[in-house]
Amino acid sequence: MNFENPNIRQFTFSSTDGSEFDLGSVAIGISETTTDTNPVATIQGFRDGAAVTSAESLDFTASDTQGDAHYTYNETTAGGAYGAIDFQSGYDNVDEVRITFSDVAVLEMDDLVASPAVTNNNPVFENTDPGGLVVDETSTDTTSVIHDVNANDGDSSGTDSVTYSITAGNVDGAFEIDSNNGEIRLADPDALDYEATASYTLTIQADDGESSNNTATQDITISVNDIAPAITTGQVFSVKESDDNSTVLGTVATTGDDPVNYSIKSGNTGNAFTIDDSTGEITLSDTSQLDASVTGTYTLSVQATDGTTPSTENITINVVDDVAPSVTSIAPSGSPGANATSMDFTVTFSESVNNVDAGDFTLTSTGTASGTISAVAGSGDSYTVSVTGISGEGDLRLDLNSGTDIDDGATNARQATPAVRLTALIWSSRASPTSLRRRPTGLIKRVTPLILR
């Protein structure tokens, strides 16, 4: 084309029916009617009236390989410059190309290369969201396929002739999709929490790899099944009577949802125990409440909840009697008469004991005072020791022997020889039976309680 009209400021390549084309190259020469010696033009591609390339400025007196319009400069003649423009991929699938000159110009073009654009259709999903897709919040299965997405490239290619990705909705990366075949699986079991996210709507994208009309999306919804925490049945812990406060007895085992809040609903007599509300760890909070002879077993009703559904189960705590009984007091029973020839002593233990008999005690005397331990009666933690045949002058005291077989019924609570001797209250007999009397309070002797094992 050799066009002599000097009034050209813009030249346009366009399809007559608006269809798209691929512009390849053109040989071009211009001469200007002004004194401008640097002919410059701006080139830009459009589709449906919208720009699809950036505007590029070409100086026809110098080669330029930037952008999508590459210019090869050939020569300059009087008033003009000549060369060739090679249009890059940005000028594929356009329906208009505009060349705007900086001044009026005489335009010459040869060897225009253009071809119809190859139309690419968007990928097509061949299956829809089936609905009802569910995964348990406690699932650890990362191998099973939850759903298989199928799509083709929309241009008669087979299924899965695209690549897949999750572009939205995948909170905390809970799921993944195989980019080649569209299989959706669980990726991170720890991300599942019904209370935080009850369902996921994943936006799946299929991409056929072309430069335009290359993607399509589909939403897939996966619901999370709430699994209530379940306390493992038959859990048994133990605590010793000698354990200190804050002693850890164990941790309640649960299956199901995480995190879980724990609480003791009943059975915690005297608030002897506490449970950590977030870990389920049970500790001793008041050791003074422990007495195996009174309460050998606690049955705690423990509740675990995920904030939606609670679970309650009984937890057994056995109290181990590892503390030997001790004698807390030996005192005369009642007020013996001045001429009494017999009297009773009340012996009190720290807990119920067994095997208490007369042979466990001894009367120790001074002067000519004497008496006989004639009987022992009682049960539990209180016994009565009877002394008869009291006569003479001097002191009598009731001692607990060493090496007794008194115990509290626990096989680990005996001691062959007492660590100390417990002395009873002291009584005196002076000159005649009429002088039998209780010694003044200041003469009553008390020693450390006897520890029996």
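The largest nonpolar core here has 25 residues, and F60, I85 and F101 have the most contacts inside it. A nonpolar core means a set of buried Ala, Val, Leu, Ile, Met, Phe, Trp, Tyr and Cys residues joined through side-chain atoms within 4.5 Å. This is a predicted model, so keep the ground rules in mind: local features need pLDDT of at least 70, side-chain atom pairs count only at pLDDT 80 or more, and totals for chains, interfaces and linings use all residues. Residues are numbered from 1 along each chain as its sequence is written, and side-chain values use heavy atoms, with hydrogens and water left out.

**The big picture**

- The protein has zero helices and 34 strands; helices (H or I, at least four residues) and strands (E, at least two) are DSSP runs, numbered from the N terminus.
- Of the 453 residues, 37% are buried; buried means under 20% relative accessible area, exposed over 50%, and partly exposed in between (1.4 Å probe, protein chains only).
- Take the contacts between residues at least 6 apart in sequence: 65% of them join residues at least 24 apart, where contact means heavy atoms within 4.5 Å.

- In soluble globular proteins, nonpolar side chains tend to be buried together.
- Back to the 25-residue core: β1 (2-14), β2 (21-32), β3 (40-47), β6 (69-77), β7 (80-87) and β8 each supply at least two of its residues.
- Strand β8 gives the most to this core, with six residues.
- Leaving aside neighbours within four places in sequence, F60 touches I28, I30, P39, V40, A41, Y71, Y73, A81, I85 and F101.
- There's also a second, separate core of 22 residues, with A151, F175, I184 and L202 among them.

**Sheets and strand pairs**

- Three bridges link β14 to β15 (residues 183-186) in the antiparallel sense, and I177 has I184 in β15 as its bridge partner.
- Another open sheet has four strands in the order β27-β28-β31-β30, also with antiparallel pairing.
- Its edges are β27 (327-332) and β30 (370-379); each has a single partner strand, so one side of each is left without a neighbour in the sheet.
- Inside this sheet, β28 (residues 343-349) and β31 (residues 382-391) pair antiparallel over six bridges, with D344 standing opposite S386.
- Strand β26 (residues 310-320) runs parallel to β19, joined by five bridges, and antiparallel to β25 (residues 297-305), joined by nine.
- In the hairpin of β25 and β26, which has four residues between the strands, G307 takes a positive phi near 95 degrees.

**Salt bridges**

- The structure holds four salt bridges, each being a side-chain nitrogen of Lys or Arg within 4 Å of a carboxyl oxygen of Asp or Glu.
- One of them joins R47 and E20 (3.7 Å, N to O); R47 lies in β3 and E20 in the loop between β1 and β2, so the pair ties together parts 27 residues apart in sequence.
- Both partners are partly exposed: R47 has 24% relative accessibility and E20 has 30%.
- R185 and E183 meet in another (2.6 Å, N to O).
- D399 and R397 also form one (3.1 Å, N to O); D399 is buried at 1% relative accessibility, whereas R397 is partly exposed at 27%.

- D111 lies in β8 (residues 96-116) and is exposed, with a relative accessible area of 61%.
- D111 and A27 are 84 residues apart in sequence, and 5.8 Å apart in space from C-alpha to C-alpha.
- E241 sits in the loop between β19 (236-240) and β20 (248-251) and is buried, with a relative accessible area of 10%.
- Beyond neighbours within four places in sequence, the contacts of E241 include T287, L290, V320 and D322.

Notes. Pairing = 2+ DSSP bridges.
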